[in-house]
Amino acid sequence: MYDVIVIGGGPAGASAAIYLQRFRLKVLMIMKDLGTLGKTNHIDNYWAFENTVSGQHLVEQGVAQAERLGVTVVEEEVIGIENFEDYVVKTTKNEYQGKTVLIATGQAKPNIKVKGFKEYIGRGVSFCAICDGFIYRNKKIGVIGNAEFMLEELEVLRNFTKDITVFTNGLGLPLHIEEEITEKLVTEPLCEIQGDEVVKKVVTEENEYEVDGLFIAIGTPSSNDFALRIGAFTENNYIVVDENHMTNVPGLFAAGDCIGGLLQVVKAASDGAHAAIAINKYLKTLKTV
Amino acid sequence: MSVKVTTETFKKEVLESEVPVIVDFWAQWCRPCLMLAPVLEEIAQDLAGTVKVAKVNVDEEGYLANQFRVSSIPTVYLFENGQVKTQVVGLMRKDDLLKRLGLK
């Protein structure tokens, strides 16, 4: 059991992990890769670097620093957070238990750009199989996705119907994912989502597919996907937190670009420190078992 | 306090209500629904006497969920004089919900 599970290894996540470790807490930091910052080549406005520095360098140094100070770091992709008495963070490889969770996964990715998509959100287009799957008992369900996150949603939806079609929307489908799909598979890009009051069909360049519900689980889950499933408030795709960086779900914190504001390294690092201090205080309020 | 509404009581509690009724379609397994519950209780208290808050468990009341074409939960409707006035889908904060329902 970890005191804190930090999801994300960028400036917010690693800063938080470093502070938390120095409070002598048991900290696990889970990172999928070097994130958005890792793809940024030139940073000229971050304090104390005379010359241009790459985002990759900053992230790698931050992770190395966290590890040197005793933080356990794993490179895995988180596909779900569950909250009962404690938190369970599920990755593609493992499950970890923690008393608190800090989401620091960066800015949520934008939604797909397919005609009709926005119009049908809440009218057949859903982002949460566990919330809405039952509504489509024995009906025709479509799932859009191409990775482990989609498989996770697919597994939930299989409880409700046998009539499922997986749409990759033209995205690459790794072989190990394809092997897990026993349902109809459509790999062409989507052109339009059509219906009347509710979704009726998915149109691709070559075909039309009847669906009653369409679940979105593309690529890896974003911060707002985690927030949605666990019942944390979001606004404009950002997680809503209080002055202590805590969401409306007790013990669930968020920091960095996923909560909005200034999307800069310096602010993310500051968020991480603030969140760490708040988490340390919060943990002291929990009853020791 | 919110009132639990069933297919049998829907007409009396919602359609024939003298005050506007916020109807929350929810289920026990839906985390966003559970987190919306305290928001709705707060609204029920704040607006007591002027707006009623009713809850429909979609697991038990499939007929009502179908009738109102609920396809994502939580879905919140505002009924006035027996008619749907607004519909809001998803978890949100109290102020946002009241604004989107047209109550603020």
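Guide: What follows starts with the sheet of chain B and then turns to chain A.

This is a predicted model, in which local features need pLDDT of at least 70, side-chain atom pairs count only at pLDDT 80 or more, and totals for chains, interfaces and linings use all residues. Residues are numbered from 1 along each chain as its sequence is written, while chains are lettered from A and ligands numbered from 1 in the order in which they are written. Chain B averages a pLDDT (the predictor's confidence in each residue, from 0 to 100) of 96, and 100% of its residues score at least 70. For the complex, the predictor gives an ipTM of 0.90 and a pTM of 0.93.

The sheet of chain B is open and has five strands in the order β1-β3-β2-β4-β5, with mixed pairing. Helices (H or I, at least four residues) and strands (E, at least two) are DSSP runs, numbered from the N terminus; two strands pair if DSSP finds at least two bridges between them. The edges are β1 (3-4) and β5 (83-89) of chain B, each of which pairs on one side only. Within the sheet, strand β2 (residues 21-26) of chain B runs antiparallel to β4(B), and five bridges join them. One of the residues involved is V21(B), whose bridge partner in β4(B) is F79(B).

The loop between α3 (62-67) and β4 (75-80) of chain B holds P74(B). The peptide bond that joins I73(B) to P74(B) is cis, with omega about 0°.

α2(B) lies across β2 and β3 (52-57) of chain B and runs at about 165° to β2(B). Helix α4 (residues 94-101) of chain B lies across β2, β4 and β5 of chain B, at about 145° to β5(B). Axes here are lines fitted to C-alpha atoms, for helices over the stretch in contact, and angles run from 0 to 180 degrees between N-to-C directions.

Chain B also meets chain A, in a contact that takes 16 residues from chain B and 19 residues from chain A. Two residues are in contact if their C-beta atoms, placed from the backbone, lie within 7 Å. On the side of chain B that touches chain A, helix α2 (residues 31-46) of chain B gives the most, with four residues. That side has 10 nonpolar, three polar and three charged residues. For these classes, Ala, Val, Leu, Ile, Met, Phe, Trp, Tyr, Cys and Pro count as nonpolar, Asp, Glu, Lys and Arg as charged, and the others, Gly among them, as polar.

Chain A has an open sheet too, with three strands in the order β11-β12-β13 and antiparallel pairing. Its edges are β11 (190-195) and β13 (208-210) of chain A; each has a single partner strand, so one side of each is left without a neighbour in the sheet. From one strand to the next the twist averages 20°. Three bridges link strand β12 (residues 199-204) of chain A with β13(A), and V202(A) has Y209(A) as its bridge partner in β13(A).

Among the helices of chain A, α1 (residues 11-22) and α7 (residues 265-285) have axes that come within 7 Å and cross at roughly 35°. The contact of α1(A) with α7(A) has 14 nonpolar, four polar and one charged residues. Another helix, α6 (residues 223-230) of chain A, has eight of its eight residues buried, so it is largely enclosed by the rest of the structure. A residue is buried if 20 or more other C-beta atoms lie within 10 Å of its own, exposed if 12 or fewer, and partly exposed in between, with C-beta atoms placed from the backbone. Just after α6(A), G231(A) takes a positive phi of about 85°.

Positive phi also occurs at two asparagines of chain A. N138(A), in the loop between α3 (129-132) and β8 (141-144) of chain A, has a phi of about 60° although it is not a glycine; N138(A) is exposed, with 10 other C-beta atoms within 10 Å. N237(A) has a phi near 75° and is partly exposed, with 16 C-beta neighbours inside 10 Å.
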